[in-house]
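This report describes some local features of a protein model. The sequence and structure come before the details.

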Amino acid sequence: MIKKNKPIYLCGFMGCGKSTVGKLLAKKLGKEFIDLDEYIEKLEGMKISEIFDKKGEAYFRQRESEALSSLPASTGVVATGGGTLLKKENGDIAKSVGTSVYIDTPFEVCYERIKGDESRPIAYSSTKEQLLERYNQRKPLYIENSDFSVDGNNAPVQIVNEILE
């Protein structure tokens, strides 16, 4: 169950539908939508892929944690990056400030959406097998760091309704 008038943080693997669902959910609630990756790009003045290339993943993950903590409590819906809620501290922030929802989408669906996407440094530089391994490692952490999960195999509108129920 979502906490009334508190932010909703969407988490899940790359390509699970966080941004698509997040925009619909925010619109339905009449709230602001923030894509955390886009927020970080504005703060850094460069694309995520450039941050990875120039400063490395560790730097990006630190900025991601800082960005998550700096969001106002009045934020409506936040689409976190695929790795944001893998850190317990970030999961704790999301669950204490608002509601954290895991969009549980099958790997094959995610893979079809992200394969060859140059804007996703991890997806672009990994094989399908490496991504599957990453997916399997991350899934238990998404579950652990979320208040509840929804079926990401449904249409985005159905997912929004499931979150609100």
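At the start of α2, which backbone nitrogen does a side-chain oxygen of Asp 35 reach? The backbone nitrogen of Asp 37, to within 3.0 Å. The model is predicted, so local features need pLDDT of at least 70 and side-chain atom pairs pLDDT 80 or more, while totals for chains, interfaces and linings use all residues. Residues are numbered from 1 along each chain as its sequence is written, and side-chain values use heavy atoms, without hydrogens and water.

The helices discussed here are DSSP runs (H or I, at least four residues; strands are E, at least two), numbered from the N terminus.

| Helix | Residues |
|---|---|
| α2 | 36-44 |
| α5 | 88-97 |
| α6 | 107-114 |
| α8 | 128-144 |

In α2, Leu 36, Ile 40, Glu 41 and Glu 44 are buried (under 20% relative accessible area, with a 1.4 Å probe and protein chains only). These residues lie on the same side of α2 because they cover an arc of only 145 degrees around the axis, taken from the directions from the helix axis to the C-beta atoms. Their cover includes β2, α3, α4 and β3. Gly 45 follows α2 and has a positive phi, near 70 degrees.

Asn 90 is placed in α5 and counts as buried because its relative accessibility is 2%. Not counting residues up to four places away in sequence, Asn 90 touches Ser 65, Leu 68, Thr 84 and Leu 85 (contact means heavy atoms within 4.5 Å).

Technical notes
Buried < 20%, exposed > 50% of the residue type's maximum accessible area, 1.4 Å probe, protein only. Polar contact = N/O pair within 3.5 Å; in protein donor to acceptor, adjacent residues only side chain to side chain. Axes fitted to C-alpha atoms, helices over the stretch in contact; angles between N-to-C directions.
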